[in-house]
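This briefing covers a protein–DNA model, from the DNA contacts to helix packing.

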Protein chains: 2
Amino acid sequence: MTNAPALRTDGLTPKGRATRLRIVAAAADLMFEHGVARTSLDDVKELAGVSSSQLYHYFEDKSAIVSAVIEYQTEEVLSGQQPHLAHLDSIPALRAWRDVLVGFRRDLNCRGGCPIGSLGSELADTDRHARAELAAGFRRWETSIRDGLRAMRERGELAPGAKPDDLAVALLAAVQGGILLSQIHRETRPMEIALDTVIDHIESLTVRPRKRPVRSRAR
Amino acid sequence: MTNAPALRTDGLTPKGRATRLRIVAAAADLMFEHGVARTSLDDVKELAGVSSSQLYHYFEDKSAIVSAVIEYQTEEVLSGQQPHLAHLDSIPALRAWRDVLVGFRRDLNCRGGCPIGSLGSELADTDRHARAELAAGFRRWETSIRDGLRAMRERGELAPGAKPDDLAVALLAAVQGGILLSQIHRETRPMEIALDTVIDHIESLTVRPRKRPVRSRAR
DNA sequence: AGCCATCTGGATTGTCCAGTCCAATTTTGT
DNA sequence: ACAAAATTGGACTGGACAATCCAGATGGCT
C-alpha cells in the first residue's frame, strides 16, 4: 500500500520505481496528446507495458495518476526551459528564451498545447486538487520569470515605473495565449507575435545604457 | 434526415427549430462547464428535456453536436462583446472592452475558460473539422480587433512603425492567456494584467499632439 | 538457501455511454 | 378533414472503461 502522492518513490525497489515512472511517462504522453478524459487506463497500460494490477498497485485511482502527471509535466516544462528560465534578466535573454519556446512549438508542428496549460484548461473546474497543483506549478514558472525581471529592475535597467511582477504575468499569459492560438491555427506566428509584443513592451521600459545609475548595494 | 450542419434550420418547423436550439444550448452549457469529453449525451438529453431520438433526428452524431456548439459559442462570444468589439479604435475603447471581458470573468467567479478557447484546447488535435471551425471563429474575432487598430493607424493615431495586425494577435493572445491563468488561479488579476500590459504597449505606440504616453491607470 | 515484502499477470465486474430501432404522436399542406 | 411529413418517446445493444481480486513471480536480505 505504497500510495505516496505523485513522484515520491518512497519504499520502492529500483524495479518498482522504474515501473512507476514508465506508467507516469506513458500517461503524460497520452494525456498530452489526447487530453485526460480521452486517455483510458487501458491505453496507459499498453503503452507502459504493464497490467491493471500494477496501475492500482502504484496509484489509488486515475486521479492519482493525473496528479503524478501534473507533477511530472511541471518538472518537464520547467527543466526544459533551463538554463534560460533562470536568467531572464536582459532583453537578449528574453529573446533567446522566446526562441526556445517557439522552437518547441515548431518541433511539435504546433500540435498539442502547453503540457501544463492544457491540463489546466481541462481540469481547473473539475478537480480541485489538480487545480491547486497546477496553480502551484504556474507560480513556480511565474516566479522564475519575475526574478529575472526584478534583477533587471534592481540593476536599474528597467524604468522605475515598470512593474516586474506584472510583466512576468503578462509574459506567461503571452506564452499560454500564444500557444493556444498557434495550436488552433497550426502556425507558430501567433505565438511569436504574442511573445515579441510583450518583450518589445519590456524593452520600451528599458533605460538607455548611458544613463545607467550604478548602484552597488548588496543584492 | 434533415442534418444540415450546425445552426442551419433548413426544413424545420418552429417546434423542431426550438427543440434543436434547446439541444445545442444545453450541450454548449454542459461542454463549457465540463468539457466536451466529459459531457455525455444523456446529460444533454436531460438538460434539454429531449430523448435519444430527438438528438439523432437533428444531429448525425456527437461530433455534429460539437460542431453546432462551436458555431453557437462563436456567435455567443462575438455578440457578447458588442458593441465594443466593432469599435476598438481608441485607447479608451480598448480599456472599456477590457473591462467588459474582465467583468465576464468576475461574473463567472473565474470558472470556465473562454467558451471557444477551451474548445480549441480540447479539440484542436483530435478533430480536424472542429479545429477548422474554431480557427475560422478566431479569425473573425481577430479581424474585429485588427480593424479597430487599423482605423487608429489610418487616422494617424498610431506610430508609423506600429503593426496593427500583430497588435491584434497579441491582444487576442493576452485575452486567452489571461483567461487561462485566471481560471487556474481563480483570480481576475492575471487577466487584468495581461490585457493592461498589451494595451499599455499600444498606448505607448500612440502619437499624441504633445503629451508623452502615460502609464496605465490604477487597477 | 529461504523468508517476506514487493511486485506482477490477467480474468472479472458493474457502470456508463454513444448510437439504433420502431412505434406513437403532432404538425403541415391541401 | 385527411394524408404525408415532421417530430417525439423510450427501450435496447454492444462496446469501452475504471476499478477489483486473487494467485503467482521476483528480488532483497540474513
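The model is predicted: local features need pLDDT of at least 70, side-chain atom pairs count only at pLDDT 80 or more, and totals for chains, interfaces and linings use all residues. Residues are numbered from 1 along each chain as its sequence is written, while chains are lettered from A and ligands numbered from 1 in the order in which they are written.

**Surface near DNA strand C**
- DNA strand C is surrounded by 24 residues, where near means a C-beta atom, placed from the backbone, within 6 Å.
- The closest are Gly16(A), Ser53(A), Ser40(B), Leu41(B) and Ser52(B).
- H3(A) gives the most, four residues; helices are DSSP runs (H or I, at least four residues) numbered from the N terminus.
- By class, the surface has five nonpolar, 14 polar and five charged residues, with Asp, Glu, Lys and Arg as charged, Ala, Val, Leu, Ile, Met, Phe, Trp, Tyr, Cys and Pro as nonpolar, and the others, Gly among them, as polar.

**H8(A) with H8(B)**
- These helices pack at about 105°, with axes 7 Å apart, and are therefore roughly perpendicular (65 to 115 degrees).
- The residues of their contact (C-beta atoms, placed from the backbone, within 7 Å) comprise 13 nonpolar, six polar and no charged.

**H9(B)**
- Twelve of the 16 residues of H9(B) are buried, so this helix is largely enclosed by the rest of the structure; buried means 20 or more other C-beta atoms within 10 Å of the residue's own.
- The buried residues pack against H8(A), H9(A), H5(B) and H8(B).

How values were computed: Helices (H or I, at least four residues) and strands (E, at least two) are DSSP runs, numbered from the N terminus. Two residues are in contact if their C-beta atoms, placed from the backbone, lie within 7 Å. Axes are lines fitted to C-alpha atoms, for helices over the stretch in contact, and angles run from 0 to 180 degrees between N-to-C directions. Angles under 35 degrees count as roughly parallel, over 145 as roughly antiparallel, 65 to 115 as roughly perpendicular and the rest as oblique.
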